Amino acid sequence: MSWRYRHTVLSLCMLAFLVTYFARLAISPVVPLIVEDFAVSNTAIGVALSGMWLAYGAAQFPSGVLADRYGERRVILVAVGGTTAMSVVLALAPVFPAFVLAAVLLGLVAGLHYAVATTLLSRTFDDIGTAFGLHSVGGPLAGLAAPVAAAWVGVRLGWRPAVALAALVGAPVFLLFAWRVRPTEPRRPDQPMRERFALAPLVELLSRPSVLLPLFVAMVGTYVVQGVMSFLPTFLVDFRGYSPSGAAGVFSAFFVVRAVAQVGLGRFSDSVSRDAAIGGAMLAGTVGIAAFVVGPGVAGVAVAVLLAGTGASFFSAIDPRFMDALGDAERGAGFGLVRTVYTVIGSAGSFGVGLAADLFGWGISFAILAALFGVTFAVLVANWALGTGY
């Protein structure tokens, strides 16, 4: 197949997603160093990370509205450029409250990307599950590079240079996107912004059964994935006795699995069934996270990485399911709204896991995550068994 402009758009959207993901993931491997430097608890750092992901989620709906008004290209450039700048600000935070504020602002600008890029790809490709899966590979690629790089730099130079690594990745991607992606025509350039935030249409959209069911699954699944991504390296060090570099290697392997699984699940959801792909991911995630807690030795962790990484890839199947339920005119702001809801709720995963770890230990904390993945699988099975059509 010859290379076409749409492949350039897909590739650069993937790289832009990589930047926004890299900046957030570079924090997790150096959490112990941040805790030590600022003399705070796991709960406190969990609040900071949850605040970052909360802001990331809150930005999704406004990003769709802004894209409808100004075009997707402009919004994505703001996301990549803002993420690059805020990673430097985060690294320079002199006290913990400033670190928390910078983390929240980082999440806010990073959150402008995903819903807008997904809408752009839905306008560009017919097989949206495959396109979404390939776009989402940017996240796992960041997960492959960020933990190892941040851990390596963090051990040698401290957490601040490790966090600032995102700026080195973001600057060239920003320039490439500005150079190679053409300006995009806004969908609703003249509609007053206040009309887009009217409450009644938003409530109607979220209350549709075809949206409400996957929304519940996405909220719970995002909570679990958020908790794993925020604390897996720390869990491996404190609970399984890994070294920081060993934990970073396992964390990277988790994202390698996720990268492959996201493409496969996206294709499977296009060709077979959205719900079958989502349910399979949830079941794999249930077993995988449980294996992190009770799996014996290296083999147990290997199985956990394989299955938990597959479970964390459910987004490439559930996001097309939302698009299927939305009309063409709703996909910009509508999908942004859905993303805001499930990402904002799911952002509590960092706080929940950190709090549970402080209160009950890391084993119980991760066992709760496995149980939550199991709940989403049970809901999907019940929906299929009852034949609701949702």
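Predicted model: local features only at pLDDT ≥ 70, side-chain atom pairs only at ≥ 80, totals over all residues.
Leaving aside residues up to four places away in sequence, Phe99 touches Ile27, Ile34, Phe38, Ile45, Ala48, Leu90, Ala93 and Trp159. Show those side chains together with Phe99.

Phe99 and Phe366 touch the most other members of the largest nonpolar core, which has 124 residues. Colour domain 1 (1–181) and domain 2 (195–389) separately: this core draws at least three residues from each of them.

Now go to Ala39. This residue is in the loop between helix H2 (31–38) and helix H3 (42–58). Is Ala39 buried or exposed? Its relative accessibility is 68%, so Ala39 counts as exposed. Look at the backbone here too. Most residues other than glycine have a negative phi. Phi of Ala39, however, is near 55°, a positive value.

The last stop is Arg339, in helix H18 (residues 331–346). Which residues does Arg339 touch, not counting those up to four places away in sequence? They are Tyr56, Gly57, Gln60, Tyr114, Ala115, Asp319 and Val344. Select Tyr56 from this list: its side chain and that of Arg339 are joined by a polar contact of 3.1 Å.

Methods
Residues numbered from 1 in each chain as written. Heavy atoms only, no water. Helix = DSSP H or I, 4+ residues; strand = E, 2+ residues; numbered from the N terminus. Polar contact = N/O pair within 3.5 Å; in protein donor to acceptor, adjacent residues only side chain to side chain. Contact = heavy atoms within 4.5 Å. Buried < 20%, exposed > 50% of the residue type's maximum accessible area, 1.4 Å probe, protein only. Core = buried A, V, L, I, M, F, W, Y, C linked by side-chain atoms within 4.5 Å. Domains from an automatic or database assignment.
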